[in-house]
Protein chains: 2
Amino acid sequence: MAGELTVSIDAMGGDAGPSVVVSALARTIQRHPDVKFILHGDETVLNQLIAKRKGKFAGRVSVRHAATRVAMDEKPSFALRRRRDSSLWHAIESVKSGEAQAVVSAGNTGALMAMGMYQLGLIDGISRPAIASVWPTQRGQVVVLDCGANVECDSEQLVDFAIMGEALSRALFGLPKPRVGLVNVGQEEVKGHEAVRNAAHTLRQSDLPMEFCGFIEGNNILEGAVDVAVMDGFTGNVVLKMLEGAAKLIAFFLKGALKRSLMSRLGALLAAGALLALRRKLDPRAYGGGLMVGLNSVVVKAHGGTDSVGFAYAVDTAIDLALGGVNDAIVSDRAGVRPEAVAS
Amino acid sequence: MAGELTVSIDAMGGDAGPSVVVSALARTIQRHPDVKFILHGDETVLNQLIAKRKGKFAGRVSVRHAATRVAMDEKPSFALRRRRDSSLWHAIESVKSGEAQAVVSAGNTGALMAMGMYQLGLIDGISRPAIASVWPTQRGQVVVLDCGANVECDSEQLVDFAIMGEALSRALFGLPKPRVGLVNVGQEEVKGHEAVRNAAHTLRQSDLPMEFCGFIEGNNILEGAVDVAVMDGFTGNVVLKMLEGAAKLIAFFLKGALKRSLMSRLGALLAAGALLALRRKLDPRAYGGGLMVGLNSVVVKAHGGTDSVGFAYAVDTAIDLALGGVNDAIVSDRAGVRPEAVAS
């Protein structure tokens with residue numbers, strides 16, 4: 001099955017551009033000997049970069065020329081209308097045509113979502129796509145969604161997110177019955193607004209391949225209380241960015257604290273390796289960016305400011321999701337909830 | 001003016017109870033020689049604790065007996081009906097009667113809010129109270145609200161929160177024109193849901209003693225981009241608890257990283273003082289808990305798990321807010337927005 005897999009890559013997206021993508025590919029190609037890649041972008045630039053790899057990419061990577069690229073600050077609606085000759089559009093088109101089974105871009109998030117919706121459509125039974133993200137916890141990792149695709153969510157969408165989250169968690173981490181929690185302002189059944197209470201009611205009565213843990217609070221997410229944390233896209237986006245801010249603030253305080261005395265300076269010098277490891281662990285680029293879940297293919301958004309390590313990790317994630325059959329799982333799990341939702 | 005100030009204290013609230021409150025008071029009483037205090041709670045216990053202070057409290061602290069206390073897990077509606085003989089109820093009553101000008105409790109947040117609403121009522125022109133919190137940033141501090149009093153907020157409430165936030169920021173930090181930002185999922189005018197866009201519209205056209213910075217994102221809050229960050233209570237509560245979780249996760253990672261090698265263990269030993277200072281800086285107890293703003297008096301909620309340092313800080317905050325005339329400022333600022341809101 002792995003022999004069948006091709007990943008389509010937007011080689012012009014992100015702040016760093018094609019050189020980061022090609023060095024990422026040099027890593028990925030060795031880790032996944034059965035996977036093929038299509039690179040979309042400026043063919044002169046790409047062929048030059050590939051030539052430097054001295055035949056390492058031969059037979060594994062093909063280049064497709066795209067005349068333009070979507071800028072990071074272009075509006076999704078503008079990109080959708082005016083950038084059909086871009087590397088991003090063509091990268092998605094390769095998936096739509098069936099040539100590739102997954103697409104990865106470090107480019108404009110809104111444009112990726114808009115073009116993905118337009119070209120690929122939604123998974124059967126899912127009303128809205130979501131952006132999922134994987135964060136570190138005290139016990140391992142947690143899949144968090146929605147991180148910003150939907151600023152307002154009804155209970156049906158929250159149920160969709162829970163289903164997509166458990167399917168992602170199973171495909172990425174091999175958990176047979178992921179623990180799923182709905183993020184709320186308290187753990188009692190009466191807490192929160194109607195959408196979150198109704199979603200909990202539906203999930204409690206469903207027979208999905210998950211362990212539904214009910215409501216969790218903000219502090220429970222990073223404790224590792226659940227494998228999947230579900231919330232609306234407004235809260236998820238603010239929390240995701242807040243977490244980036246918290247990591248930076250703490251690094252800033254730590255730096256200040258360690259400079260205060262000769263003793264602590266010396267200590268910091270001795271512990272430099274450990275502190276660097278910590279900084280890497282908290283670097284958002286390490287988490288493979290966002291997973292655009294709910295679209296009719298595997299779509300992974302690498303962090304816009306990523307380096308080749310981060311981009312390679314995003315490609316690994318796309319491969320894991322495609323091989324794990326995440327979208328088939330979502331279709332069948334969503335269908336399992338449907339009759340009850342209609343009956344109620 | 002300071003000579004007139006009396007602070008009413010619920011001495012039975014919080015996990016630690018009256019001994020923490022009395023040691024906190026021993027600190028506060030020296031810092032504020034003109035302020036008087038009323039302690040509500042079990043008079044036998046309180047008089048014993050005060051007797052140990054050998055006359056230090058004489059003439060400054062009076063004790064009022066309360067037969068019961070509100071438990072930390074009691075429902076607000078139950079507490080409101082059944083705990084009118086509690087230390088919390090009586091502490092608020094002292095403010096209502098005019099004997100005291102501010103009230104502090106480390107007890108049940110929901111019960112404090114419910115009893116506060118019932119006994120004190122709302123500030124003229126404010127439709128809902130909010131819970132504000134003060135967080136550290138890379139540039140100083142930021143007032144964040146609402147941290148959980150209102151799970152759903154319309155634009156009028158977000159405007160109220162912005163006004164209450166700037167008034168708090170002026171009273172606490174003496175900033176003449178605090179920078180105020182509305183938390184959203186992007187900085188462009190078209191981003192977010194209707195409530196947040198309409199609130200921005202009203203604030204842009206108002207002539208309040210603040211510098212309205214428009215929309216900010218989650219990462220901007222801890223960078224120190226604004227002095228006041230406004231959001232709905234659902235998002236604010238999740239973000240506040242997430243921040244506690246992030247601080248714990250990073251402490252956990254740091255501990256792990258520093259234990260990995262002999263070098264880093266030695267480094268950690270030398271830097272122990274600096275690391276302890278960092279841990280204190282990130283301890284939520286250090287931030288004086290929540291400010292219940294919008295009620296017709298100064299109401300401060302100390303963190304339930306606080307120690308005497310944290311409780312003393314909460315009392316300091318209550319004194320600053322009362323002396324700073326925060327509620328008078330809210331009344332006049334809110335009145336300044338009213339005509340425009342009606343006209344639109």
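This is a predicted model: local features need pLDDT of at least 70, side-chain atom pairs count only at pLDDT 80 or more; totals for chains, interfaces and linings use all residues.
In chain A the average pLDDT is 90, and 96% of the residues score at least 70. One stretch of chain A should be read with caution, namely residues 339–344, where the pLDDT is below 50 and where the model shows two contacts beyond near neighbours in sequence.

With that in mind, we can turn to the way chain A is divided. The domain assignment gives chain A a domain 1, made of residues 1–126 together with residues 294–324, and a domain 2, which covers residues 132–285. The centres of these two domains of chain A, taken over C-alpha atoms, are separated by 26 Å, and the contact between the domains takes 14 residues from domain 1 and 10 residues from domain 2. Between them, domain 1 and domain 2 of chain A bury about 900 Å², with carbon and sulfur atoms giving 67% of that area. On the side of domain 1, Ile126(A), His303(A) and Leu321(A) supply 46% of the area buried against domain 2, which is more than any other three residues supply.

What kinds of pairing are found across this boundary inside chain A? The largest share of the side of domain 1 that touches domain 2, five residues, comes from helix 12 of chain A, which spans residues 308–323. Sorted by class, that side of domain 1 of chain A holds four nonpolar, eight polar and two charged residues.

The next step is to look at how the two chains meet. Here 52 residues of chain B are in contact with 52 residues of chain A, and the area buried between the two chains is about 4800 Å², of which carbon and sulfur atoms give 79%. Within chain B, the residues that lose the most area to chain A are Phe234(B), Met242(B) and Leu270(B), which together account for 15% of what that side buries.

The interface between the chains also includes two salt bridges and four residue pairs in polar contact, counted where both residues are at pLDDT 80 or more. One salt bridge is formed by Glu217(A) with Lys241(B), whose closest N and O atoms are 2.2 Å apart. Several elements of chain B each supply at least two residues to the side that touches chain A, among them strand 5 (130–136), helix 8 (218–223) and helix 10 (262–270). The largest share of that side of chain B, 20 residues, comes from helix 9 of chain B, and the residues of the side divide into 31 nonpolar, 13 polar and eight charged.

Finally, a few details of the backbone deserve attention. In chain A, the peptide bond from Leu145(A) to Asp146(A) is cis, with omega near 5°, and Asp146(A) lies in the loop between strand 6 (141–145) and helix 6 (155–173) of chain A. In chain B, a cis peptide bond joins Leu145(B) and Asp146(B), with omega about 10°, and Asp146(B) lies in the loop between strand 6 and helix 6 of chain B. Lys54(A), a residue other than glycine, has a positive phi near 50°, and Lys54(A) is found in the loop between helix 2 (43–51) and strand 3 (61–65) of chain A.

Terms used
Residues are numbered from 1 along each chain as its sequence is written. Chains are lettered from A and ligands numbered from 1 in the order in which they are written. Side-chain values use heavy atoms; hydrogens and water are left out. pLDDT is the predictor's confidence in each residue, from 0 to 100. Contact means heavy atoms within 4.5 Å. Buried area is the accessible area (1.4 Å probe) that two parts lose on being put together, summed over both. A salt bridge is a side-chain nitrogen of Lys or Arg within 4 Å of a carboxyl oxygen of Asp or Glu. A polar contact is a pair of N or O atoms within 3.5 Å; within protein, one must be able to donate a hydrogen and the other to accept it, and residues adjacent in sequence count only if both atoms are side-chain atoms. Helices (H or I, at least four residues) and strands (E, at least two) are DSSP runs, numbered from the N terminus. Ala, Val, Leu, Ile, Met, Phe, Trp, Tyr, Cys and Pro count as nonpolar, Asp, Glu, Lys and Arg as charged, and the others, Gly among them, as polar. Domain bounds come from an automatic or database domain assignment.
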